[in-house]
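This briefing covers covalent links, ring geometry, charged side chains and backbone angles. The entry is shown first.

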Amino acid sequence: QVQLVESGGGLVQPGGSLRLSCAASGTIFSINSMGWYRQAPGKSRELVAVTTSGGSTNYADSVKGRFTISRDNAKNTVYLQMNSLNAEDTAVYYCNAVVAVMKDRYSQYWGPGTQVTVSS
C-alpha cells in the first residue's frame, strides 16, 4: 500500500553534483525514518544516509562532508544532495522508508533504485 518514487539519477562527470529525490505515497499513518542505500558492482549494499522522525541524521564515512540528506515531512519526501562526486560513488541508489500504515504497525519499503554513474 506504500510506494516510493525516485528521481534525479543519471550520468555526471567527476567533481559534479546530483540531487536525488524520493516521495512516499499510499496509505501512510506515519513515517519513522527515510534514507538512501547504494550497491556498486561486486560490492554489498551499504547505508549512505538516513534521517529519523526525530530529525537526527547519520552518514557513511565515505560520504561525510560531501552528501547531505534532508526531509520534507509535509510532502513525505527525502532528498540526497551529492557533491564532489567521484568514480567510487557509481552505484544503484535505493530509497528506503520505515512506514506505519496504522498506529505502531511498521514495515520497511524500498524504491526501485536509480542508477548514478560518475565517469568522464
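The points below are grouped by topic, after a note on conventions.

This is a predicted model in which local features need pLDDT of at least 70 and side-chain atom pairs count only at pLDDT 80 or more, while totals for chains, interfaces and linings use all residues. Residues are numbered from 1 along each chain as its sequence is written, and side-chain values use heavy atoms, with hydrogens and water left out.

**Disulfide**

- The model has 1 disulfide, the term being a pair of cysteine sulfur atoms within 2.5 Å.
- Cys22 and Cys95 form this link, with an S to S distance of 2.1 Å.
- The angle about the S-S bond is -85°, and the link of Cys22 and Cys95 is left-handed.
- Cys22 belongs to strand β3 (residues 18-26) and Cys95 to strand β9 (residues 91-102), so the bond ties together parts that are 73 residues apart in sequence.
- Strands here are DSSP runs of E with at least two residues, and helices are runs of H or I with at least four; both are numbered from the N terminus.
- Cys22 is buried at 0% relative accessibility, and Cys95 is buried with a relative accessible area of 0%.
- Buried stands for under 20% relative accessible area, exposed for over 50%, and partly exposed for values in between, with a 1.4 Å probe and protein chains only.

**Aromatic pair and charges over rings**

- There is 1 aromatic pair in the structure.
- The ring centres of Tyr37 and Trp110 are 5.0 Å apart and the planes stand at 65°, so the pair is edge-to-face.
- Tyr37 sits in strand β4 (residues 30-39) and Trp110 in strand β10 (residues 105-110); the pair links distant parts of the chain, 73 residues apart.
- The criterion takes rings of Phe, Tyr and Trp (its six-membered ring) with centres within 6.5 Å; planes under 30 degrees apart are stacked, over 60 edge-to-face, and the rest tilted.
- Tyr37 is partly exposed at 22% relative accessibility, and Trp110 is partly exposed at 34%.
- Arg45 lies over the face of Trp110, at 4.5 Å from the ring centre.
- Arg19 lies over the face of Tyr79, at 4.2 Å from the ring centre.
- A charge counts as over a ring if NZ of Lys or CZ of Arg is within 6 Å of the ring centre and within 35 degrees of the ring normal.

**Surroundings of Arg38**

- Arg38 is part of strand β4 and is buried, with a relative accessible area of 5%.
- Its side chain makes a polar contact with the side chain of Asp89 at 3.0 Å, and the Arg38 side chain also makes one with the side chain of Tyr93 at 2.9 Å.
- A polar contact is a pair of N or O atoms within 3.5 Å; within protein, one must be able to donate a hydrogen and the other to accept it, and residues adjacent in sequence count only if both atoms are side-chain atoms.
- Beyond its neighbours within four places in sequence, Arg38 is in contact with residues including Arg45, Glu46, Phe67, Glu88 and Val92, where contact means heavy atoms within 4.5 Å.

- Asn76 is not a glycine, yet its phi is positive at about 50°.
- Asn76 falls in the loop between β7 (67-72) and β8 (77-82) and is partly exposed at 24% relative accessibility.
- Ser84, also a residue other than glycine, has a positive phi near 50°.
- Ser84 is in the loop between β8 and β9 and is partly exposed at 44% relative accessibility.
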